[in-house]
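My notes follow the structure.

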Amino acid sequence: MYTALFAVHLGDGALSDVWLASGFAGMAVLLAIALYRVREDEIPRIGVLTAAFFVASSVHIKLAVLPTSVHLILNGLVGVVLGRRAPLAVSIGLGLQFALLQHGGWSTLGLNTCIVGVPALAAGLLYPALRRLGVPAFARGVLLGGGAVAAAVLLNFVALLLGGKYEWERLAQLVLLAHLPVVVVEGAMLGVLVSYLEKVKPEMLGSVPVPQEPANQPEDAP
């Protein structure tokens, strides 16, 4: 269990029942927000981002200073593209990761969804605000990509520290340290993606309104 908890996927048996129940309650709130008035045309995009989030767990980064590896999370990308739909992709992706790859656990699915999904939702809400403030596209991506990962790792740290059945203080500190490279990598990656998508396909960024072309006006007869 010690090695498995290095990922931001808390496993079964690690936390107290109160924290587990609170996690499912939090997940219910997030899913209620995500599922409200889902349109049919949004479903393909949700599916694609769910798949990307799932596949990211197989991209492992070996660490030279610690005897373990970490993987990409992509919750910043999910949040920026899906907005308030992000917790839906996160919860499905986490469920698949446990069912197929044994990452995380069933009893911790709710709490893991909150740990990863709340920063994703925050990234989706902050993206248009940063855009209105004139923050450059690359900087927005770096802030939200790295910030979403950092927030997820911090929430994971708090859950291990305050809700653990055992003394997880040293492990929680190591998890923070281990994910510093992921913060940097995901920040840079989302910065590049946001810069590219805003130029070629801005409609992919779910929180960004796409300018509408003015309708052609008939010319006045002479």
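Predicted model: local features only at pLDDT ≥ 70, side-chain atom pairs only at ≥ 80, totals over all residues.

I began with Leu-162: it is exposed, at 59% relative accessibility. I count exposed as over 50% relative accessible area, buried as under 20%, and partly exposed as in between, with a 1.4 Å probe and protein chains only. Leu-162 lies in helix α6. Helices here are DSSP runs of H or I with at least four residues, strands are E runs of at least two, and both are numbered from the N terminus.

Residues are numbered from 1 along each chain as its sequence is written, and side-chain values use heavy atoms, with hydrogens and water left out.

I then checked the surroundings of Leu-162 on the surface. Leu-154, Val-158, Leu-161, Leu-162 and Leu-176 make up a nonpolar patch with about 400 Å² of accessible area together. Helix α6 gives the most to this patch, with four residues. Patch members have over 30% relative accessible area and no salt bridge; nonpolar side chains (Val, Leu, Ile, Met, Phe, Trp, Tyr) are joined within 5 Å, like charges within 9 Å. A salt bridge puts a side-chain nitrogen of Lys or Arg within 4 Å of a carboxyl oxygen of Asp or Glu. Areas are Shrake-Rupley values with a 1.4 Å probe; for residues, only the protein chains shown count as cover.

I moved to Leu-144. Is Leu-144 buried or exposed? Leu-144 is buried, because its relative accessible area is 6%. Leu-144 sits in α6, residues 137-163. Its contacts (heavy atoms within 4.5 Å) include Gly-76, Ala-123 and Leu-190. Leu-77 is 67 residues from Leu-144 in sequence, yet their C-alpha atoms are 8.2 Å apart.

I looked at the largest nonpolar core. It has 50 residues, and Val-78, Val-80, Leu-82 and Ile-115 touch the most other members. Such a core joins buried Ala, Val, Leu, Ile, Met, Phe, Trp, Tyr and Cys residues through side-chain atoms within 4.5 Å. Leu-82 touches Arg-45, Ile-46, Leu-49 and Ala-89, leaving out residues up to four places away in sequence.

The protein has eight helices and two strands. Buried residues are 47% of its 222 residues. It exposes about 11400 Å², of which carbon and sulfur atoms supply 68%.
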